[in-house]
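Visitor: I'd like to learn how to read strand pairing and a ligand shell. Could you walk me through a case?

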Amino acid sequence: MSDDPRMPGLFGPLLLDFWNQKYIESGRDNREMSVPDAVFRHSWAGSCARRIQYEMQNYSGEREFDLPVRAPADRWRLEMGTLVHDYWQAALTACLPEATIEHVTSHPIDDAHTAGHGDALINHPQLGRVAVELKTRNGFGYKQDIGANKYEDAEGPSVAAKRQGALNALAEDADWLVILHISLEAVGPNQLPGQHKGDNYSPLRMTAEWWYSKEEYTPWATHELQRVSFIKKIIDNKELAPRHVPELMPSGARIVDVNKSQWYLEENNEVVSIGQLWNGRFCSYCPYVNACMEDG
Ligand code: SF4
């Protein structure tokens with residue numbers, strides 16, 4: 001007898017295969033933009049500039065990429081997030097019937113436009129217009145977000161979440177952007193940070209939110225729109241966008257080694273700073289990694 005799992009299993013894959021087929025048939029692998037003819041999806045915000053170029057070219061059909069086929073386990077992960085979104089939106093509209101959910105958002109960008117979906121917009125009598133961006137998180141990521149357990153400092157929402165939320169909030173002229181995280185796994189009460197430690201009933205065990213005023217979030221949105229305009233011109237000129245991720249590396253730095261997600265900052269032809277994104281894993285999550293290595 002061994003404690004290794006039996007491979008292939010019988011009963012788990014039965015669910016996965018059955019459900020995976022339904023997911024494919026529903027067409028959710030190939031989502032259209034929420035606004036026809038849009039060139040940029042708000043969910044691409046905060047990505048590496050080169051990746052945004054590839055996303056835009058792939059969506060418009062200007063260039064064909066040999067992209068990895070989405071695995072059933074990845075569809076499952078996405079579906080879990082969708083289920084939590086549905087639960088939360090049902091709760092929100094039951095408690096606040098005036099809330100708008102899944103509203104379409106867009107910004108003009110040169111001679112084109114962008115497209116997104118806000119998770120919720122609430123016209124609150126005291127707080128004003130509140131735009132909520134919901135992200136589901138795995139247990140590990142959520143603990144880092146709130147500074148639980150051994151992760152001493154709270155890291156808060158990702159740059160990508162802030163920028164996507166900012167684009168949706170600005171499109172609605174919201175007074176507040178709220179990034180709401182819901183964890184797919186409850187945190188143990190003794191792992192909670194600071195004064196919450198040991199509180200079995202603390203909502204922080206599975207949900208946290210960060211509020212940003214219009215003054216705080218607007219620069220994130222405007223910078224992202226400038227980037228999109230810049231990348232669009234690069235595509236028109238048949239050039240390559242820089243391998244640069246905003247806020248995760250210094251301005252002017254470039255990812256030079258995709259295999260290690262390593263960036264260099266050069267000044268006067270000398271490397272003055274070196275860093276690595278996500279401990280070297282950043283580019284391994286990018287579906288365009290082969291095209292990027294080929295293009296250099
Ligand atoms: S592989 Fe890395 S550097 Fe290349 S497009 Fe993707 S994220 Fe950017």
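Visitor: Which way do strand β1 and strand β4 run, parallel or antiparallel?

Guide: A word on the model: it is predicted, so local features need pLDDT of at least 70 and side-chain atom pairs count only at pLDDT 80 or more, while totals for chains, interfaces and linings use all residues. Residues are numbered from 1 along each chain as its sequence is written. Strands here are DSSP runs (E, at least two residues), and helices are too (H or I, at least four), numbered from the N terminus. Two strands pair if DSSP finds at least two bridges between them. Here β1 (residues 40-41) and β4 (residues 112-124) run parallel, joined by two bridges. R41 sits opposite A115 in β4.

Visitor: How many bridges link β2 and β4?

Guide: Five, in the antiparallel sense, with β2 spanning residues 100-105. H103 faces G118 of β4.

Visitor: What joins β4 to β5?

Guide: A hairpin, through three residues. β5 (residues 128-137) runs antiparallel to β4 over five bridges, and H124 stands opposite G128 in β5.

Visitor: Now the ligand: why does it lie between domain 1 and domain 2?

Guide: A residue counts as near a molecule if its C-beta atom, placed from the backbone, lies within 6 Å of it. Domain bounds come from an automatic or database domain assignment. Domain 1 (31-231) and domain 2 (248-295) both contribute to the shell around the ligand, so the ligand lies between them. Residues around the ligand include C48, R50, R243, C283 and Y288. Helices α2 (49-60) and α7 (289-295) each give two or more residues to that shell.
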